[in-house]
Amino acid sequence: MIKKTLQQAWTDVKPYFWAAAVIFFASLFAGAMSNGDIDWLDKQLQSISDIAKKANESDNVSLAMFWLILVKNLLATAFAMYLGIAACIMPLFTLAVNGLVMGYLFGKMANEGVDLWSVIVRGILPHGILELPAIFLACAYGILLGVRLMQGIGRSLTGKTKPWARFAEAMKGSVAIYAVVALMLLVAAVIESTLTLYLVKS
């Protein structure tokens, strides 16, 4: 039953998953190409820095980083997924902002002469290989929910039979999809707070 629900949910969300990846990487490129300092993006970077600083002040840096990262990502993906019902705005915003912030950071590093390939391989790739697809999946499903809601409204207004059937099916599938997202984020947080932390410090 769960496997069938997941298979159907993935079939429905797959086009939106790839669209989410395109939006993220397009935003990353735009962020990397930006010139000069951008105040609101600097504030986003500062908030990320504050998480690392808070973890470093703990008696157990790895454990503190694990919980800070996991809770932050679980909340962000839950909001992106379920607030997508409101015209898909939240997931689109989440993808664009995350892409812009990462690209802006890469741009600043490149301007300072930092070896970006080393940063990506050591500081992002180990956990990002799970974290980024989890974010894409959550945002993609949020977009799907928004689309299904608008379709339901349209079908209801035009007198179609069972106008909300597809929206109800999508909501049912969202539970299984979010469980997958949460599992991916859990593993990613473990990797980021151990292997990535070790590689960055070494």
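Axes here are lines fitted to C-alpha atoms, for helices over the stretch in contact, and angles run from 0 to 180 degrees between N-to-C directions. I write that down before anything else, since my notes begin with a helix pair.

**Entry 1: helix 2 and helix 4.** I looked up how these two pack, keeping in mind that the model is predicted. The angle comes out at about 90°, and the axes lie 10 Å apart. Angles of 65 to 115 degrees count as roughly perpendicular, so helix 2 and helix 4 get that label. On the helix 2 side I found Trp40, Leu41, Asp42, Gln44, Leu45 and Ile48, which meet Val97, Leu100, Val101, Tyr104, Leu105 and Lys108 of helix 4. Sorted by class, this contact has nine nonpolar, one polar and two charged residues.

**Entry 2: the whole chain.** Then I stepped back. I count six helices and zero strands in the protein chain, and the pattern along the sequence reads α-α-α-α-α-α. The C-alpha atoms fill a box of roughly 60 × 40 × 25 Å along the principal axes. Of the 202 residues, 38% count as buried. I also checked contacts with a separation of 6 or more: residues 24 or more positions apart account for 82% of them.

**Entry 3: cores.** Which residues have the most contacts inside the largest nonpolar core? I get Met81, Leu95, Phe136, Tyr141, Ile177 and Val181, in a core of 41 residues. Helix 1 (2–33), helix 3, helix 4 (89–111), helix 5 (116–157) and helix 6 (165–201) each supply at least two residues to it. Helix 5 gives the most, with 14 residues. A second, separate core has five residues, including Leu41, Val97, Val101 and Tyr104. My background note on this: in soluble globular proteins, nonpolar side chains tend to be buried together.

Entry 4: Ala138 sits in helix 5. Is it buried or exposed? Its relative accessibility is 0%, so Ala138 counts as buried. Leaving out residues up to four places away in sequence, Ala138 touches Thr77, Ala80, Met81 and Val181. I looked from the Val181 end too, and with that exclusion Val181 touches Thr77, Ala134, Leu137 and Ala138. One distance for the record: Ala138 and Leu149 are 11 residues apart in sequence and 17 Å apart in space, C-alpha to C-alpha.

**Entry 5: helix 3.** I checked the length of helix 3 next. Its 22 residues, at 1.5 Å a residue, should span 32 Å, and the end C-alpha atoms are 32 Å apart, so the two agree. Its buried residues are Val61, Ala64, Met65, Phe66, Ile69, Leu70, Asn73, Thr77, Ala80 and Met81. They pack against helix 2 (39–56), helix 4, helix 5 and helix 6. I picked out Asn73, which belongs to helix 3 (residues 61–82). Buried means under 20% relative accessible area, and Asn73 has 9%, so it is buried. Beyond residues up to four places away in sequence, Asn73 touches Glu131 and Leu185.

**Entry 6: helix 1 and helix 6.** Last pair. These helices pack at an angle of about 100°, with axes 9 Å apart, and are therefore roughly perpendicular to each other. From helix 1, I see Thr5, Leu6, Gln8, Ala9 and Asp12 meeting Glu169, Lys172, Gly173, Ala176, Ile177 and Val180 of helix 6. This contact has five nonpolar, three polar and three charged residues.

Methods
Residues numbered from 1 in each chain as written. Predicted model: local features only at pLDDT ≥ 70, side-chain atom pairs only at ≥ 80, totals over all residues. Heavy atoms only, no water. Helix = DSSP H or I, 4+ residues; strand = E, 2+ residues; numbered from the N terminus. Buried < 20%, exposed > 50% of the residue type's maximum accessible area, 1.4 Å probe, protein only. Contact = heavy atoms within 4.5 Å. Core = buried A, V, L, I, M, F, W, Y, C linked by side-chain atoms within 4.5 Å. Parallel < 35°, antiparallel > 145°, perpendicular 65-115°, else oblique. Nonpolar A, V, L, I, M, F, W, Y, C, P; charged D, E, K, R; others polar. Expected span 1.5 Å × (residues − 1).
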